[in-house]
Amino acid sequence: EKVYPPHSPFNWRTNYSIARINDTSAVKRIGIWNTSTIPAGLSGNSLVNTGSASASLEYTFDVPENGNYELYVFNVVAPNRNDSAKYYVRDSLGVEHIFYVDQTNNSKRRFVKLGDFKLSKGKRTPLLLTNENLKPGRSLSGDAAMIILNRRLTPDSPTSVNQSMNKIKKKEDFKLEAYPNPFNSSVKVSF
C-alpha cells in the first residue's frame with residue numbers, strides 16, 4: 001500500500017512514469033550494450049557502451065495526462081565514463097532539445113533533471129541517449145529515466161484536492177443575522 005506524507009493530498013505523486021533499464025518495453029536498445037560491472041543503477045547494474053559502433057537507448061513512457069513534465073535521467077558515475085553523455089529530448093510540439101550530462105562528476109550521480117517539457121498523454125518516446133560524441137578510451141552509461149508532472153506549470157491538472165472540493169456543497173441561502181461589530185452599536189448579541 002502506498003503511503004503519502006500527511007500534508008499531501010491522496011495520490012499526490014501518481015502522475016509520473018519511470019522507464020527502467022531492464023524493462024525492454026520501456027527502453028529500446030540499439031547497437032551493442034553490455035551489462036556494467038558497477039551495480040550502481042536504479043534497479044541493479046546499468047548498461048555500458050564502449051563506442052565500437054553507433055548505439056543508442058530510446059526511452060518510452062506511459063504519460064498519464066497532457067501537461068508539463070520534469071524529465072530526469074539516472075546518471076551512473078565512474079572515472080572511465082564519458083564527461084558529456086548526449087541526450088536528445090523531443091517534446092509534444094516536436095521541438096528537439098540536446099543535453100550533455102557529465103558521467104564522471106560524482107556530484108551529478110543518481111537522478112539528474114534535464115528540464116521541463118510539454119508531453120501528450122499516452123505512450124511516448126521523448127528521450128534518446130546516444131554515443132555520438134563518446135571520447136576514445138571512455139564508456140557511456142545508460143540507466144533509468146523518469147518523468148513527473150510539474151503541477152506548477154500544469155495548473156489545470158486534476159488533483160484529489162480539487163476533486164474533493166467539488167463535492168463540498170455550498171449553502172447559498174446562509175445569512176448571518178447578527179454578529180458583533182464594534183462600529184455598530186445597534187447590534188445586540190444575547191446569550
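Reply: The side chains of E70 and K113 form a salt bridge, 3.8 Å from N to O. The term means a side-chain nitrogen of Lys or Arg within 4 Å of a carboxyl oxygen of Asp or Glu. This pair connects distant parts of the chain: E70 lies in strand β6, K113 in strand β9, 43 residues apart. Strands are DSSP runs (E, at least two residues), numbered from the N terminus.

First, the ground rules. The model is predicted: local features need pLDDT of at least 70, side-chain atom pairs count only at pLDDT 80 or more, and totals for chains, interfaces and linings use all residues. Residues are numbered from 1 along each chain as its sequence is written, and side-chain values use heavy atoms, with hydrogens and water left out.

Now burial. E70 counts as buried because its relative accessibility is 10%. K113 is partly exposed, at 37% relative accessible area. Buried means under 20% relative accessible area, exposed over 50%, and partly exposed in between (1.4 Å probe, protein chains only).

K113 has another partner. Its side chain meets that of D116 in a salt bridge of 3.3 Å, N to O. D116 is partly exposed, with 33% relative accessibility. Through shared partners, salt bridges join E70, K113 and D116 into one network. The whole structure holds five salt bridges.

Back to E70. Strand β6, where E70 sits, spans residues 67–75. The side chains of E70 and Y72 make a polar contact of 2.4 Å. A polar contact is a pair of N or O atoms within 3.5 Å; within protein, one must be able to donate a hydrogen and the other to accept it, and residues adjacent in sequence count only if both atoms are side-chain atoms. Leaving out residues up to four places away in sequence, E70 touches K113, G115, D116, M146, I147, I148, N150 and R152. Contact here means heavy atoms within 4.5 Å.

The largest nonpolar core has 29 residues, and Y59, F61, L114 and L127 have the most contacts inside it. Such a core is a set of buried Ala, Val, Leu, Ile, Met, Phe, Trp, Tyr and Cys residues joined through side-chain atoms within 4.5 Å. Elements giving two or more residues to this core include β6, β9 (110–119) and β12 (145–149).

The side chains of E132 and K86 meet at 2.9 Å, N to O. E132 is in the loop between β10 and β11 (140–142), K86 in strand β7, 46 residues apart. K86 is buried, at 12% relative accessible area.

Definitions and conventions: Helices (H or I, at least four residues) and strands (E, at least two) are DSSP runs, numbered from the N terminus.
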